[in-house]
Amino acid sequence: MSEPPRRGDDLEKLQQDAVWYFLRAANASNGLIADSSREGAPCSIAATGLGLAAYIVAAERGFLPRREAAQRTLTALRFFRDSPQGEDPDATGHRGFYYHFLDMKTGRRTWQCELSMIDTAILIAGALSSGRYFSAAADDEREIRELAGFLYQRIDWPWAAADGPELSMGWKPGAGFLSYGWEGYSEAMLLYILGLGSPTYPLPTESYGAWTGTYQWENLYDIDFLFAAPLFVHQLSHVWIDFRGIQDAFMREKRSDYFENSRRATAVQQQYALRNPMWFTGYGEHCWGLTAGLGPGFTKQRAEGGIERQFYGYVARGVPFGPDDGTLAPWAVVASLPFAPEIVLPALRHVRDAYPEALSENGLLTSFNPTFDPGDGGRRGWRAPEHYGLDQGPVVLMIENYRSGFLWRLMRECPAIVTGLRRAGFRKGWLRSSHR
Amino acid sequence: MNAADRPESRAALLPNDAYDATLLANTRPAGWQNPQPAPSYNLVVLGAGTAGLVTAAGAAALGAKVALVEKNLLGGDCLNFGCVPSKALLRAARFYTDLHHAPRFTGSAPAPSEANFAAAMERMRRLRAHISHHDSAQRFQALGVDVFLGDAAFADRRTVEVAGATLTFKKAVVATGTRAARPPIEGLAEVGYLTNETIFNLTERPRRLLVIGGGPLGCELAQAFARLGCEVIIANREPYFLPDEERDAAEILADALRRDGIEVRLNTEVKRVTQRDGEKRVCLVNDNQDTTVAVDEILVGVGRVPNVEGLNLDAAGVDYDHEHGVRVNDYLQTRNRRIYAAGDVALERKYTHMADATARIVIQNALFWGRKKLSSLTIPWCTYTDPEIAHVGLYVKECREQGFPLKTFTVPMSDVDRAVLDGEEEGFVKIHVHEGTDTILGATIVARHAGEMINEISLAMVAGIGLKTVSQVIHSYPTQAEAIRKAGDAYNRTRLSPFLKALSRRWLAWSR
């Protein structure tokens, strides 16, 4: 992809700031990366997976020496190889999957959290991208390749579909599989494709069909698209997979593809903000971005016009039916850059000009809310006090995909992705010429 | 057995006021003398809920000799323990919410207004008594129906016995309805709980209420009681409320309940209940973690059990089971072709309007050799929370399972002028069509008046009207139902292909 002029956008600076998050948030002794910049935050395995991918972009861009990127990667992969797996409530993982949150020091399960299939998929996608990138004959790079393959091949995907045909999204010792009711299009696309692509424990293809059977194809604001309310759903799988021009059965039926769908979903966000049905401060053509993330907290305020506003803490915000409390996520706007640069770049400029506080020295804010009255009279609105790995990862990686398509090209040659896509019924486009 | 599980005890549980006296005078008159049975009846109807009443009245109007048997209160669940009292209560609860939001209209903070729970309950009983006239024993007697009060049981395939009388029938209808299911929760029966059959007898507000079950009943009453000033916790074992409904609708509802101050607990099982220090302590389990909450009352709404006991259905050759009720074919006939079933006792979808619709089928099929089918009905339904959630036809998943390529036209209520002017922008109209055509397969509406709006879609579906025609129907402006026409307009815009658009542009350029 050619790099268009980007005067004033300084995308590289945004990438660098986001990479710094991972460098600061990593535990050098085990490679685990903290969920957020909050003091005492546990490791998030998804943040760790995004961090692994961020390291290779950092190495490619010269933000980080390749040796150091390899060393950081190796530390993390060795940890996951060696850490305990099993049904013990304080293990690191079970059947090749990992718990959502781990203690930063011990790497054991924390917060009584669930064994998370989607977060494992993000971790493994990061590991697989490392395995593709570090292709040199040097010992450390060879070991990275071996470990990435080992961790991927160890995952018992069909076990997570035991209550099937769809995958369960979580499991807890004692409680078993959790029922989250994951229906409709979601970030689980990445999970299914990795599960279908496994050479050791592949998911049956029916599971993918059962999942896509819950999709909703909607016409909203005169835009036809596969519906999902929060923006990150339309972004996360696209961090690693180039969906341009390839189609599964559903997209063949709709004569579209998932990349085009994410472009439309981004346009729907803009249309929603233009309408601003709930009268939030700032919403408009260049000010949007509703996704999962932190908010001011569960509280009510009486606003102008006597309107009672309900605010939320950490929830999956989305359009057009909410929840929406006026909280916007600048990182999610940036993560749509490859799909719709024509509306993302002006939005980024607008946020930079109108809300300079949305950019701190530690990178793009996870979220801010110009509507919320913090009650101190002076400051404008609310802004998230910390940064999250789940937000900073897509900033590094999707800007890179926009600038160079680097991660997409890398993963087009990843056998797990190619096999997974083919088994999910994807055809055409670059898959035709892929030799994997 | 819990007191609430004994249908015969319902009348005794009512508060003893003038309104309930009127209700009882209509629905179970004291000293009622059963008539002398006719030698033979065209139709004997067991159960005087909606299905039974509609069947009896309709058949009698057509000249049939009809006997109607009721063991408890005429009017059934709908009048006494269901739609009528709950909607009366919901209306009062909605009023207090509107009062809370008064500053949107008045500009100033409202006067502190604590909900008057007792008054809301009294209003409900007054309205229920008022409406009960329509279902009264006297009215049905005047319509020419022989009304028998007492326990009915089949003696054989052609006769029913009730209170010492033998009723010989040509055809019979089982319409005995359902009662609240009793969940097997440790300690629940011992500490006592409310169901829809007892909660409307309350005269004082319970300070803290736990609602078990996230179906329509649980959600409606949780919201109503919260708005009437109770501290409410709702525990639902599923990850969403209203598990049949579309996810967007369920999420909007969960959000609405939280805004009403309800503590929402999803994926949550009730493990055990104990009584201590005058309060009910309930152990809730979520993801294998226990928490205990203390409440004053527990409302159970976890499904319905068919009333099939004591009817001696075996002697009549009627198949049934204790979970799904009386087994019927598509013509609503039981295994004994002379005996039909209608309403909740035989239906998966237990709604008053379904009871009514099946009663009409039974009249035609039982008395006039009709071949009306249950499967041909287009059935809307609505959960009367705020916002209301209404549905008709197929769900997205059902469409895909049946292999229909599907497209959904979505109109947020916030795009509808009248909804904005009313301050009722929450919700949407979603109409599912067979892709490439304008054939409506189903629809879901979430809006403050979704129950009113869904009827237009039902009409279109029954009449075979597509979205294209819907867009040609002039809707009064401004109305909230205009959302439906907007969906039709959106459909029409998709028909304007790039080729047609180019052609139109060229024509207009030429004709300037």
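How do the axes of helix H2 and helix H4 of chain A cross, and within what distance do they come? Before you select them, note that this is a predicted model, where local features need pLDDT of at least 70, side-chain atom pairs count only at pLDDT 80 or more, and totals for chains, interfaces and linings use all residues. Residues are numbered from 1 along each chain as its sequence is written, while chains are lettered from A and ligands numbered from 1 in the order in which they are written.

**Stop one: two helices**

Select residues 45–61 (H2) and 117–133 (H4) of chain A: their axes come within 7 Å and cross at roughly 20°. Helices here are DSSP runs of H or I with at least four residues, strands are E runs of at least two, and both are numbered from the N terminus. Axes are lines fitted to C-alpha atoms, for helices over the stretch in contact, with angles from 0 to 180 degrees between N-to-C directions. H2(A) and H4(A) are therefore roughly parallel (under 35 degrees; 65 to 115 is roughly perpendicular). Among the residues making the contact are Gly49(A) and Ala53(A) of H2(A), and Gly126(A) and Ser130(A) of H4(A). Contact means C-beta atoms, placed from the backbone, within 7 Å.

Show Ile118(A) and Ala121(A) of H4(A) with Leu191(A) and Leu194(A) of H7(A), which are among the contact residues. By class, this contact has ten nonpolar, no polar and no charged residues. Nonpolar covers Ala, Val, Leu, Ile, Met, Phe, Trp, Tyr, Cys and Pro; Asp, Glu, Lys and Arg are charged; the others, Gly among them, are polar.

**Stop three: a sheet**

Still in chain A, five strands form an open antiparallel sheet, in the order E2-E3-E5-E6-E7. E2 (93–94) and E7 (176–177) stand at the edges with a single partner strand each, so one side of each has no neighbour in the sheet. Zoom in on E6(A), residues 170–172, joined to E7(A) by two bridges; strands pair if DSSP finds at least two. There Lys172(A) stands opposite Gly176(A).

**Last stop: across the chains**

Now show chain B too. The contact takes 34 residues from chain B and 31 from chain A. On the chain B side, E21(B) brings the largest share, six residues. Strand E8 of chain A (217–220) pairs with E21(B) in the parallel sense over two bridges. Finish on Glu218(A), which stands opposite Thr408(B).

How values were computed. Contact = placed C-beta atoms within 7 Å. Parallel < 35°, antiparallel > 145°, perpendicular 65-115°, else oblique.
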